[in-house]
Every structure is written in structure tokens, then in C-alpha cells.
Amino acid sequence: MSHSARLSDYRTALTTPGMRGPVVASLLARLPIAMVGLSLLLYVQRETGSFAAAGLVSASSLVGVAVGSIVQGRLMDRMGPTRPLLGAVSLFAVFVTLAIAAVEAGAALAVLVPVAFAVGLTEPMVGSASRALWSQVLPAGPARLAGYAYEAISMEVFFILGPGLAGLLVAAPWAGTGVVIGAVSMAVGALWFALNPTVRGVRPTPIGRSLLGALASPGMRTVALAALGFGVTIGFIEVAVPAAAAQAGHVGMGGLLLSLWSVSSVMFGILYSMKPFPRAMHLRLPVLLGGFAVLSLLLAVPTGLIGLGAALLVVGTLITPQATSHSAAIEQVAPPGTATEAFGWVVTAVTVGLAIGQSASGQLVESYGTGVAFVAAALSGFAIAVLVWVFRGTVAAGVPLPRQDELALAGR
């Protein structure tokens, strides 16, 4: 299978008949993906005056997203995307309303934390549904790969814009403005996407499924491991960079510095998708993660913020190539009929990795400084890359053939 895409393939994918509506709707739904959680954190902090409380609420929301991406993905694989998304949007609206009411009422953490979990759990997973849709409307080949790459690149753009919008809106007269705007954008985009004729026409694949779902495939477990290593490495760095800025006496520079690696990530990601290396996916996953980890050592070298910014530009070049490869690898390793859930597992693995990296990095920064945290990011990422290399054969083997009992179940 080809794993490269040209600019003409992007044009072919984005002009596919019936895809204009879903593409635009998914943009609206996914724009606030990095905004809702941060807006909730900033909102809680403004109202309570406590970063500790706000951090717990935000972390609970992230755990909800991690669980919800799998649950919603499995439902969409079994039922098609429309009904699960409509149900998620309805519940999401209820829990966002409850979260705002709880914050305004000065509710205790015992209330805020579970409500935040519910908000994350019910965030409509349009990204997973949108990614899976390309396999329904395009045959296997460069154009479909371009669709997957577009999903990864657009998500990276949203992760650049979302935090900035959240930061701007928290300064509004009412601190909950960002939460409301982000939630409305996500809900409207998800409804538009779910009710589009192309999306409503998606039918699930009639095949017997293991209780493990997408993770029944050893190759899928290896892809999830690669995504975990990706998230762990980024999590370390996302805490250490703002800490370095604060230590230098420029607290506000932390977010700007992190945006630098997102810029180089998007720019290099487009070029990389045209001529990826290594060509073989089972080699590409460990090599990209290992390369990302080694480059992360550059962050421990600079003594000033300008040097740190330059290092982030270099390190960021391997972010989008990894995200694109994770998405493309799903096609090679996910069992039939589990594509949406499989992408949910990638999202979950990255989210869990971020949580692990951020929590460990915070401890290292407090005790030993940012340099040690950057080195830990590199060592952690490289260690997991070695594990992915050890299990690379599972990706090369692809999807296991279904057993006879599964075939019989599918034929009922």
C-alpha cells in the first residue's frame, strides 16, 4: 500500500463528491477541541482563585475525553456515526450547562470533578467519525491517505488556535464565555456533521467483533503504544517549556514558545506526507518516535528563551508526521469494522500519555529544574520507541484473519 500523498491528492480528497459538508462541519466541531478543557480550567481558576482546583477539574475532563473517545468510537462502528453523535451532543449540552451552573454556584470539588468528567465523556467525537469517513468515500490509495493527513494537520492547527482563543475569551467580562462559545461551536458542528446525507449514509460493517474491539489486533496495540510514547514525550515538554519561561521572568512567553513547534509541525507535516520515510509503516512508527525523542534533547541545551524557541522549531517537525502515521497505520492493523474505535484508542493513548508526562514533568521541574525534565522527555520517548521497535512485526503482519466462529457470527 502507498503511504505517500501529493498536493493533487489533497485536492482530490477535499473535492470528493458529498464531502464538502462533512469537511466544513467537522472544522466547526473540532476547532474548540483544545479550547473547551482549557476554557473550563481558566473559568474555574477565575471563580475559585485556585489553580489546584482548576487543574483537578481539567484533568477530570481529559480522563472523560479518553474514555468517551473509545465508547463513542465503538458505538459509531456498530451503529454508524449519526445516532451516537446526536446522543452525545444532547448529553454534552446538559453536562456543560450543569458545569457552568456548578461553577457559578460555588460548588465543591466533589461536584465539579465528576461533572467535568461527564463533559469530557460526552464531547462529540467528530474527529474519529471524520477520520473513518474517508475510508467510506475513497478507495485505498494516495487520495485516502491525503484525507487522513488532512485530519492530522487540521487537528494540529486547532491545537494552535484553541488555547489562544481560550486565553483571549477568559478576559471577557464573564469568565465562562470561552466555555460557552467552545461548546456551542462543537455542538453545532457535530449536529451539522451527523445530519449530513453522506454521514447518514454510512453503514456499519457486518462482522463479528471481539470484546477487545480494535485492540484484538496485536498491530493495533503496537500503534497505541507508539501513540502513548508520543503523548508522554509531549506531556513532559508542555510543562517544562512554560516553567522555563517563568524562570526566565517571562511567564506569558510559555504559550507563544509552544506555538512555535506547532507551526513547524504543520509546515513539515505537509512535506513529509508527500515523501514519508521510512516507507514501511512498521519501521516508520518506531523511527519517528525515536527521532522525536532524540531531537527533544536539544531542548535541554539552550540557556535562553530565544535558543529554546529555535530548538522547539526543530523538535516540532516530527509532531504531525507521527500523528499522520498513527492515523494511516490504523488502516493496516485495525480489524474490519473497528476504524472509528481504533482512532479513539489512538486519541486515548495520546491523552493518557500527556497526563503521565505532564504529572511527572511537574515533579521533576519542581525538584530538579527544566533541564532534567527535557532529558526525561527524551529518555521516556526513546524507551517506548524501543518497545515499538521490538513489536514492529505486529504492524507488518497487518490485521489477523477472522476466525471461523467470527465469520459465522457475521453471517447471521
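Helices are DSSP runs of H or I with at least four residues, and strands are runs of E with at least two; in this predicted model, the protein chain has 19 helices and 0 strands.

**Figure 1. Overall dimensions and surface of the protein chain.** The C-alpha atoms fill a box of roughly 60 × 45 × 40 Å along the principal axes, and the radius of gyration of 21 Å agrees with the value near 22 Å that a compact globule of 412 residues would have. Of these 412 residues, 53% count as buried, while the protein chain exposes about 17100 Å², of which carbon and sulfur atoms supply 72%.

**Figure 2. The ring pair of Tyr43 and Trp174.** By the rule for ring pairs, the count comes to 4 aromatic pairs. In one of them, Tyr43 and Trp174 have ring centres 5.8 Å apart and planes at 75°, so the pair is edge-to-face. Because Tyr43 lies in helix α3 (residues 36-48) and Trp174 in the loop between α8 (142-169) and α9 (177-195), the pair ties together parts that are 131 residues apart in sequence. Tyr43 is buried, with a relative accessible area of 0%, whereas Trp174, at 33% relative accessibility, counts as partly exposed.

**Figure 3. The ring pair of Trp261 and Phe292, and the cluster with Phe230****.** Trp261 and Phe292 form a tilted aromatic pair, with 6.3 Å from centre to centre and 35° between the planes. Trp261 belongs to helix α12 (residues 253-274) and Phe292 to helix α13 (residues 281-296), so this pair ties together parts that are 31 residues apart in sequence.

Methods: Residues numbered from 1 in each chain as written. Predicted model: local features only at pLDDT ≥ 70, side-chain atom pairs only at ≥ 80, totals over all residues. Heavy atoms only, no water. Rg over C-alpha atoms; globule rule 2.2 N^0.38 Å. Buried < 20%, exposed > 50% of the residue type's maximum accessible area, 1.4 Å probe, protein only. Areas by Shrake-Rupley, 256 points an atom, 1.4 Å probe, with all protein chains shown as cover. Phe/Tyr/Trp six-rings, centres within 6.5 Å; stacked < 30°, edge-to-face > 60°.
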